[in-house]
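Trainee: I would like to go through the terms used for this model and see what each one rests on. Can we start with the aromatic rings?

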Amino acid sequence: MTRKGTSSSRESATLQARELSKTFGFGDTAVCAVDQVSLDVHSGELVLIKGPSGSGKTTLLSMLGGLLRPDHGEVLVEGQPIAGLAETALADLRAQRIGFIFQAYNLLSALSVEDNILFPARLVGAPLGAARQRARELMERLQLTHRRRSRPAKLSGGERQRVAVARALVNDPPLILADEPTGNLDSYRGQEVAMLLHEIAREDGRAVVIVTHDPRIEDIADHVLWLEDGRLRDRREEAHEWARDPVCNMQVDRWTATERSAFAGKEYVFCSASCRELFSREPQHYLQQDQTPQPGLNQEGV
């Protein structure tokens with residue numbers, strides 16, 4: 001049972017967030033992790049949320065999935081507000097309508113692959129025969145059939161993450177939320193899981209939201225959102241600024257650059273701390289060098 005994307009399925013968002021805010025601590029020690037964030041994610045879309053460590057990405061994802069209640073704002077899943085639900089009703093909604101994928105897999109070590117996949121179906125009281133058939137279809141799709149009786153300890157990292165993906169899909173949820181799903185995987189397995197999540201959005205017609213630092217997923221995402229200081233921006237709607245490191249001439253993304261220095265009233269960004277340190281010793285030396293712009297850059301490096 002899959003959810004093929006159609007034009008009608010995109011008329012209303014599967015996931016809606018309105019003015020979400022969350023603050024931790026009080027008084028002088030208060031930290032606003034998420035500040036008035038709004039977004040819509042439709043069926044068939046893959047949305048990527050990026051940002052520096054500690055920027056509030058996991059906090060935002062937890063609120064979108066009903067794992068954490070916002071201080072202000074509202075989350076709607078298929079039009080249903082979830083923030084005001086009682087804990088029991090919220091747990092039922094999460095189990096039936098939201099699939100979660102975590103960096104650490106969160107598999108139950110005492111259960112086989114098949115029973116790990118079936119676990120969410122048992123939670124909602126789904127008919128066991130139909131659930132088992134669904135699990136076996138997912139195992140075949142994700143090339144796990146030969147591992148169905150294995151315990152998680154016997155699996156590779158890529159296999160564990162595919163089990164986690166199958167578990168997230170077993171109740172056929174319209175929404176998938178993934179927190180660093182490729183973070184523990186090598187390059188090949190990470191690419192494999194990234195393309196699987198892309199397939200889940202496109203072919204199954206699900207709304208998929210991914211929090212990640214993995215740059216490979218950016219190329220297959222419909223929207224790339226940047227969360228910093230609690231605020232969310234769309235990197236593809238706003239002008240994407242590139243600068244040039246004045247020391248090594250490398251192009252640097254102004255959104256993500258962490259090494260910066262000011263000189264003569266202008267800010268420069270660097271690919272690394274070593275380039276920034278070299279510049280700080282002799283800024284005029286580097287600025288007097290050939291300033292021929294790279295393709296797509298003007299004389300100021302933008």
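Mentor: Rings of Phe, Tyr and Trp (its six-membered ring) pair if their centres lie within 6.5 Å; planes under 30 degrees apart count as stacked, over 60 as edge-to-face and the rest as tilted. A search of the whole structure finds 4 such aromatic pairs. The model is predicted: local features need pLDDT of at least 70 and side-chain atom pairs count only at pLDDT 80 or more, while totals for chains, interfaces and linings use all residues. Residues are numbered from 1 along each chain as its sequence is written, and side-chain values use heavy atoms, with hydrogens and water left out.

Trainee: What makes the pair of F100 and F102 stacked?

Mentor: The ring centres of F100 and F102 are 6.0 Å apart and the planes stand at 5°, so the pair is stacked.

Trainee: Why is the pair of F270 and F279 called tilted?

Mentor: The planes of F270 and F279 make 50°, with 5.2 Å from centre to centre, and the pair is tilted. Ring pairs also link F270 and F279 with F263 and Y268 into a cluster.

Trainee: Why does F100 count as buried, and what is F102 called?

Mentor: Buried means under 20% relative accessible area, exposed over 50%, and partly exposed in between (1.4 Å probe, protein chains only). F100 has 16% relative accessibility and therefore counts as buried. F102 has 27%, so F102 counts as partly exposed. In the tilted pair, F270 is at 2% and so counts as buried; F279, at 1%, is buried too.

Trainee: How do you know that N116 is buried?

Mentor: N116 has a relative accessibility of 1%, so N116 counts as buried. N116 lies in helix α3, residues 113-123; helices (H or I, at least four residues) and strands (E, at least two) are DSSP runs, numbered from the N terminus.

Trainee: Which backbone atom does the side chain of N116 reach?

Mentor: The side chain of N116 reaches the backbone nitrogen of L108 at 2.7 Å.

Trainee: What makes β6 and β10 edge strands?

Mentor: Two strands pair if DSSP finds at least two bridges between them. The open sheet has 6 strands in the order β6-β7-β8-β3-β9-β10, with mixed pairing. β6 (98-102) and β10 (231-234) each have a single partner strand, so one side of each is left without a neighbour in the sheet.

Trainee: How many bridges join β3 to β9?

Mentor: There are 4 bridges between β3 (residues 46-50) and β9 (residues 223-228), and these strands run parallel. V47 stands opposite H223 in β9.

Conventions
Polar contact = N/O pair within 3.5 Å; in protein donor to acceptor, adjacent residues only side chain to side chain.
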